[in-house]
Amino acid sequence: MVLSMCIRQLCQASHLQGAWRAAFLKHIQCRRQGARRWTHSGGGTYRAVIFDMGGVLIPSPGRVAAEWEVQNQIPSGTILKALILGGDKGPWMTFMRGELTTEDFLQEFGRLCSEISETRVPVDSFFSLLTSEQVAKQFPVMTEAITQIRAKGLRTAVLSNNFYLPDGKSFLPLDRKQFDVVVESCLEGICKPDPRIYKLCLERLGLQPSESIFLDDLGLNVKAAASLGIRTIKVDDPETAVKELETLLGFTLRKVIPNTRPVRKTMEIPKDSLKKYLQDFLGTQTTGPMELLQFEHGQSNPTYYIRLANHQLVLRKKPPGTLLPSAHAVEREFRIMRALAKAGVPVPKVLDLCEDSRIVGTPFYLMEYCPGLVYKDPSLPGLEPSQRRAIYTAMNRVLCQIHSVDLKAAGLEDYGKPGDYIPRQVQTWIKQYRASETSTIPAMERLIEWLPLHLPRQQKTTVVHGDFRLDNLLFHPEKTEVLAVLDWELSTLGDPLADVAFSCLAHYLPSSFPILRGLSDCDVTQLGIPTAEEYSRMYCRHTGSPPIENWNFYLAFSFFRVAAILQGIYKRSLTGQASSATAEQSGKLTEFTSNLAWDFAVKEGFRLFKDMPATKPLMRSYHTWAGPQSRLHTPGTRSYVSIPEASPARASKGALVISPEGLCPPVRELYQRLKQFMERHVYPAEPELRSHQASSERWTPSPLVEELKEKAKTEGLWNLFLPLETDPEKKYGAGLTNVEYAHLCELMGMSLYAPEIFNCSAPDTGNMELLVRYGTEEQKARWLIPLLEGKARSCFAMTEPQVASSDATNIESSIREEEGFYVINGHKWWISGILDPRCQLCVFMGKTDPHAPRHQQQSVLLVPMDTPGIKILRPLTVYGLDDAPGGHGEVLFEQVHVPKENMILGPGRGFEIAQGRLGPGRIHHCMRLIGYSERALALMKARVKSRVAFGKPLVEQGTLLADIAQSRVEIEQARLLVLKAAHLMDVAGNKVGGRGASQVRRPEVVRESIDTDSSFPIRQTVETLGTLLQLYLGLFGQLFKTGKGRSFRYCHD
Ligand SMILES: Cc1cc2nc3c(=O)[nH]c(=O)nc-3n(C[C@H](O)[C@H](O)[C@H](O)COP(=O)(O)OP(=O)(O)OC[C@H]3O[C@@H](n4cnc5c(N)ncnc54)[C@H](O)[C@@H]3O)c2cc1C
């Protein structure tokens, strides 16, 4: 609602329109709202205009003769004298009355001319020129005037002294349809200034003399008309005559060139040098004044309308000043339009590229002005459904035509970089957006992550327009035919589907959307307009290409691009003239379009999820799933996981399953058994385990945990954590995907004791994965196997008190090489598990070369815990909880000698290893924390149902219900995020997924669930408090581990 209101208000913000154009580096050659028929009944009392032909509608014989004489070195004035000679009885007038054949006339006329000039005069050549198509062309100014006169409902006539041509037809090089009445002297046998021919004309018009205006270039003819009572105009220059006629008629006779205005002061160009250049370029026939207007838009490359004699041109130039080398490339526009015209694509005809800056100050090119219709409103008001469909079909066809141009034949192979258009575009628009970013827009952030991950795998390379929309097409006024495709500034070589999607933007925008009027609130089918899907199918059918399966990606990208452009406009509006209210509103448009873009990204995501099982590699085949009955080890084969071949078919690593019910049957069954195990063995053991942790025996592992571990192992609930990706052959782990494990891990997170019972607890899980990924066979045999079997435990030593250890490159502990050993010296803390008597291995991170590049200074060593020099200074506590028996130790490493073969991967690889280890580790924390949250919420619900205050159960207090609902919503959100991150790790790898994991609101949600619970007298209930307090403290352990600022803020609450 608010948004649509803003949009409506923005419709009035005309600056935006201009800004959009500027942003799109527009020039708009011809814009007309559509074919309009004037219904006005004319001005004043005049009802018709009568035109002479030669000298009024087309060049006069006298003028043509003057130029011809100069060119043929005939004494000046010869022809004119011969034309007049003999008056009414002379050869010219006789010829005009149709009394002489062309042959006889030329003979007689030639003789006369020779007598006058005393030289042989080739009158045939003059006659050919006079009647040639090149010369005998109607003045555009007159064509426009006639159109306007008729549009106002007035009648028109041509009253011409003309003659027969050699082929026996009369000479009338005009479109007869422009006139209601045509009177030709050679056909009538009478000619002007004979009054009879005027009367004949008036009679045919059915008008009185006073009701018409007559235009002629000969005074004699004008006089005769005037004497009959006709209003007359003596024509010396057609432009001036039209102005005079305008005054008499009282309305404009010039077609207003749409979207033009007088040239801005700052954009003026030297008229004289331009006119001279045009006269040279166009030839000698260019006489008369030059009209120069400027197109309103196109500030990027100033664009001008020029009318000079018969020519209507468009000049487009670079702006003045210092320019970036690739910007304002008018040469490129000229090149593409010329090449496309040759290839048959309708574009304005380019005439000349002038790189000489002396003419108008900067290089420019010229093209023909192309009058036509531009449909600005995509709903095409006033047209029939069939016409609308035809217009969209024509648009589609012309796009196919552009994309089918043979690059080699058109000489356009080097017009852009081949391939990778979309990746480059995505990066370009991300950069543009970042450069104009004013605040964080969540959808934009998501798109910036999403788009690069979903780039189309295959892209064709063709000419792309870059801004292909209905209103960039010029249509024939009467046919549904595209006359010209305009605005080529963003054209290049690229992926044609970007153009197809871009041309459908209107389908998804509301009609009130400023800048780009849309169709989303129209019933396009009823209007006859193809839907976007039909449009894209039409394109595919016509180009013979397969359906566009990632269509939604292209739409997401197109709207992202629009959002980035709008953000640029918004940023400029903040610093510019726009009122703060308007600027604020324009900011909303970015958000609106980015949300639209994200909608398409989501749709594309769903499509991918649906398609993935069939297309992704590493799909597990069903037959390898051993099933519960065959879960016994094959004799002689060593297995470290209680599920030898966990390979359910339907769950591929590509599937995002959002609830345990959606898991494939074998994993669902595993989930059920884990759940039962938790209910039967783990939850009931909690009070005893809690007591053990509080007792003086707490630094000795609880025998109950060891007992439950053995039970879990035999029940096949063991080492479930190792992801399929790390262990594709399922040599060591259960072969679950991260998504599958996420559901199981959440279940384990319901109890703080559970992860260890299933051999799925940190830091062993990370260390085991590290050994599987990077360990040598010897290292695996020595350390990995005992860990997988649950016979040993391990720790990971990275964090140091003296440096900010969230950045692993800060680590200072040294690892020096000395006589076949590595010698370690360093101070570490928060080393979880190091106090556990079962801890046999310390995975140690230190610096081998402080002078190497920043990320190659670190190395990882496997340090046996019984190596001399390891001194545990103290166990650390989190809010008083020491996490016995593993604890979190502060430790000194002094001259600790480690065999060289204990190095993992090699010197300098430590950072890389730590990153690899952290990905799954982080997400496992997240998965468990969702379980924590569920447990806390369950406790809360139980409690509010059981207690009564002020006469009713707590649960009936409205605010408590709201709190519960809030917690539920937040847990669900967090779970979806965790699952998405796990999914990304499955399909895009640990790095990308890890990034997703780091965005998960993991600790906050849990804290909020627990906080909600503990904000009322619950703290007084010892039994519940025990679990909650543990959850709370466990949570703070996690908060500190993540090392994020927000987490610390909560600690101080
Ligand atoms: C219970 C517990 C167990 C632990 N177990 C181990 C273990 O087994 N092995 C081990 O080596 N370490 C362990 N740690 C240490 C833990 O890895 C570090 O505390 C963590 O990496 C942060 O490092 P730091 O304490 O040096 O904090 P610092 O790096 O000094 O500071 C962290 C702070 O920096 C800022 N910060 C850093 N990065 C970002 C970011 N990306 N975004 C926003 N803000 C950021 C935040 O304000 C954050 O709070 C454990 C910690 C705890 C609490």
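**View 1. Six strands line up in an open, antiparallel sheet, in the order S6-S7-S8-S9-S11-S10.** Strand S6 (260-261) and strand S10 (350-354) sit at the edges, each pairing on one side only. Strands here are DSSP E runs of at least two residues, helices are H or I runs of at least four, and both are numbered from the N terminus. Two strands count as paired if DSSP finds at least two bridges between them. This is a predicted model, in which local features need pLDDT of at least 70 and side-chain atom pairs count only at pLDDT 80 or more, while totals for chains, interfaces and linings use all residues. Residues are numbered from 1 along each chain as its sequence is written, and side-chain values use heavy atoms, with hydrogens and water left out.

**View 2. Here is the pairing of strand S8 with strand S9.** Residues 303-308 of S8 and residues 311-317 of S9 run antiparallel, joined over six bridges. To find your way, look for Ile 306, whose bridge partner in S9 is Leu 313.

**View 3. Gln 148 is found in helix H8, which spans residues 140-151.** Gln 148 counts as buried because its relative accessibility is 13%; buried means under 20% relative accessible area, exposed over 50%, and partly exposed in between (1.4 Å probe, protein chains only). Leu 253 lies 105 residues away in sequence, yet the two C-alpha atoms are 5.4 Å apart.

View 4. Cys 795 is in no disulfide, and its nearest cysteine sulfur, that of Cys 842, is 3.8 Å away. With a relative accessible area of 0%, Cys 795 is buried. Cys 354 is buried too, at 7% relative accessibility.

Key:
A disulfide is a pair of cysteine sulfur atoms within 2.5 Å.
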